[in-house]
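Here is a short briefing on one protein chain.

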Amino acid sequence: PLGVLVEYAAPLVREGGSLVAWKARPEEDELRDAAAAATTLAMSEATPVPVPGDLVRGAETRTLYVSSRVGNLPPGYPRRPGMARKRPLRAST
């Protein structure tokens with residue numbers, strides 16, 4: 001899920017740097033969770049960037065999601081290995 005990718009990448013991206021994730025079209029819940037993870041981890045909300053279908057085979061079903069690091073990680077992050085997958089950051093419902 002995109003939120004898990006954001007959490008894995010946030011410690012590796014320096015301030016001003018960007019994460020570019022090549023993803024199939026995520027569901028609305030996945031996008032909300034990714035936005036919550038980005039906010040928690042000092043990353044910008046992932047912006048979708050369409051890829052022209054004639055550029056790469058299969059691109060018509062995929063989108064690039066770009067999120068930039070906008071500050072320092074909060075205390076407690078990165079979490080222990082496996083925690084992002086086991087207990088992903090989620091949007092409040």
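**Briefing**

Leu31 lies in helix 2. Helices (H or I, at least four residues) and strands (E, at least two) are DSSP runs, numbered from the N terminus. This is a predicted model: local features need pLDDT of at least 70, side-chain atom pairs count only at pLDDT 80 or more, and totals for chains, interfaces and linings use all residues. Residues are numbered from 1 along each chain as its sequence is written, and side-chain values use heavy atoms, with hydrogens and water left out.

**Leu31**

- Leu31 counts as partly exposed because its relative accessibility is 27%. Buried means under 20% relative accessible area, exposed over 50%, and partly exposed in between (1.4 Å probe, protein chains only).
- Leu31 is in contact with Leu2, Pro26 and Tyr65, leaving aside neighbours within four places in sequence. Contact means heavy atoms within 4.5 Å.

**Fold and dimensions**

- The protein has 3 helices and 3 strands. Their order along the sequence is α-β-α-β-β-α.
- Along the principal axes, the C-alpha atoms fill a box of roughly 45 × 30 × 20 Å.
- Of contacts between residues at least 6 apart in sequence, 71% join residues at least 24 apart.

- Of the 93 residues, 37% count as buried.
- The largest nonpolar core has 10 residues: Val6, Ala9, Ala10, Val13, Leu19, Ala37, Ala38, Leu41, Met43 and Leu89. Helix 1 (2–9) and helix 2 (28–40) each supply at least two residues of this core.
- A second, separate core of 5 residues includes Leu2, Ala21, Ala34 and Tyr65.
- A nonpolar core is a set of buried Ala, Val, Leu, Ile, Met, Phe, Trp, Tyr and Cys residues joined through side-chain atoms within 4.5 Å.
- Leu89 touches Glu7, Asp33, Ala37, Thr40, Leu41, Tyr77 and Arg79, not counting residues up to four places away in sequence.
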